[in-house]
Amino acid sequence: MSLHSLARPATSLRQSALLVVRASSSSQFHTTAAPLGRWVRDRNKNRGVSAIHRQPKKNIQISVSNVPLPEPVLDPSKRTAVNVNPEHGLWGFFRGKNALPTPEEDHKHGRPWTAAELRRKSWEDLQKLWWVCVKERNIMETQKIERQRLKPGYGEFESNTRYGQIRVTQRAIKHVLTERYYAWQEAQKVAATDPEVDLSGEGPAYQPVDSTLRTAKLRTAKLKPKGQRFVDPIDEIRRQVLGEPSPEPTQKPPIV
């Protein structure tokens, strides 16, 4: 027997041992059996039955077994009439108590208000117009939900056009109110330098100066001889009311 024939069994045994070690090191750590390649029918008759109560007895009668199920009333004449208040607040979400108008009805609308037209309106008129626009938008949002539910396939273009006109009107109302707010701020700055306006909140806001006193002071200033310092009586009264110090009066410019 040659040496090569003795070495072959030892080599094969070494390779098989390495394969066993590799297989044992790469195996998963769980005891669950591997899933079968095909579906096996469950033949357990008690599968899903409670282990405590088991199956109910045959002589037990269920309480709802003899109660008839309600059936829908298909005939409108046999349905129970429901009394609805015609002045209910929820009717405000519908135009003419109709859930979905026709495209012709949505197309019947005017143009939006312009800022030039709204500048002539009072505060009360602007507030009323704003809430009319809010109510109209609520109606159109209700119609949009109803249109998505029914999917009639019409009226979406007319509704979007009308909705855009309402948004333009509301934008114009905001523009006019912003202008009035800026004008009010400017009026406050002017009133702070007016001696006849009192912004302290105590007493009347407008306290006019006596016209005779103002005329007399103006005449006195005019009758002063030339060369003396000129003092404006209106500015002097304003400084006295506001408590400002009197500046050094300037000379009256000569008449050319």
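Residues are numbered from 1 along each chain as its sequence is written, and side-chain values use heavy atoms, with hydrogens and water left out. Because the model is predicted, local features need pLDDT of at least 70 and side-chain atom pairs count only at pLDDT 80 or more, whereas totals for chains, interfaces and linings use all residues.

The chain has seven helices and zero strands, where helices (H or I, at least four residues) and strands (E, at least two) are DSSP runs numbered from the N terminus. Along the sequence the pattern reads α-α-α-α-α-α-α. Of the 256 residues, 13% count as buried; buried means under 20% relative accessible area, exposed over 50% and partly exposed in between (1.4 Å probe, protein chains only). Among contacts (heavy atoms within 4.5 Å) between residues at least 6 apart in sequence, 60% join residues at least 24 apart.

Three aromatic pairs are present. Rings of Phe, Tyr and Trp (its six-membered ring) pair if their centres lie within 6.5 Å; planes under 30 degrees apart count as stacked, over 60 as edge-to-face and the rest as tilted. The pair of Trp91 and Phe94 is edge-to-face, with 6.1 Å centre to centre and 65 degrees between the planes. Trp91 is partly exposed, at 29% relative accessibility, and Phe94 is partly exposed, with a relative accessible area of 29%. Tyr181 and Trp184 form a tilted pair, at 6.0 Å centre to centre and 35 degrees between the planes. These two residues are separated by about one helical turn because Tyr181 and Trp184 are three residues apart in helix 5 (residues 156-191). Tyr181 is partly exposed at 43%, as is Trp184 at 48%. Ring pairs link Tyr181, Tyr182 and Trp184 into a cluster.

Two rings also carry a charge over the face, a term that requires NZ of Lys or CZ of Arg within 6 Å of the ring centre and within 35 degrees of the ring normal. The charged end of Lys97 sits over Trp91, 5.1 Å from the ring centre, and Arg180 lies over the face of Trp123 at 4.9 Å.

Not counting residues up to four places away in sequence, Leu118 touches residues including Trp113, Thr169 and Arg180.

The second largest pocket has a volume of about 270 Å³. Of its 14 lining residues, Lys144, Arg147, Gln148, Glu156 and Asn160 are the closest to the centre. Helix 4 and helix 5 are the elements that give two or more residues to the lining; helix 4 gives the most, with five.

Most residues other than glycine have a negative phi. Lys97 has a positive phi, near 60 degrees; Lys97 lies in the loop between helix 1 (3-26) and helix 2 (103-107) and is partly exposed at 45% relative accessibility. Lys151 also has a positive phi, near 55 degrees. Lys151 is placed in the loop between helix 4 and helix 5 and counts as exposed at 67% relative accessibility.

Definitions and conventions. 1 Å grid on protein atoms, 1.4 Å probe; cavity = no way out; pocket = protein on both sides within 12 Å on 5 of 7 lines; lining within 4 Å. Points joined across faces, edges and corners; volume = space filled by probe spheres on them.
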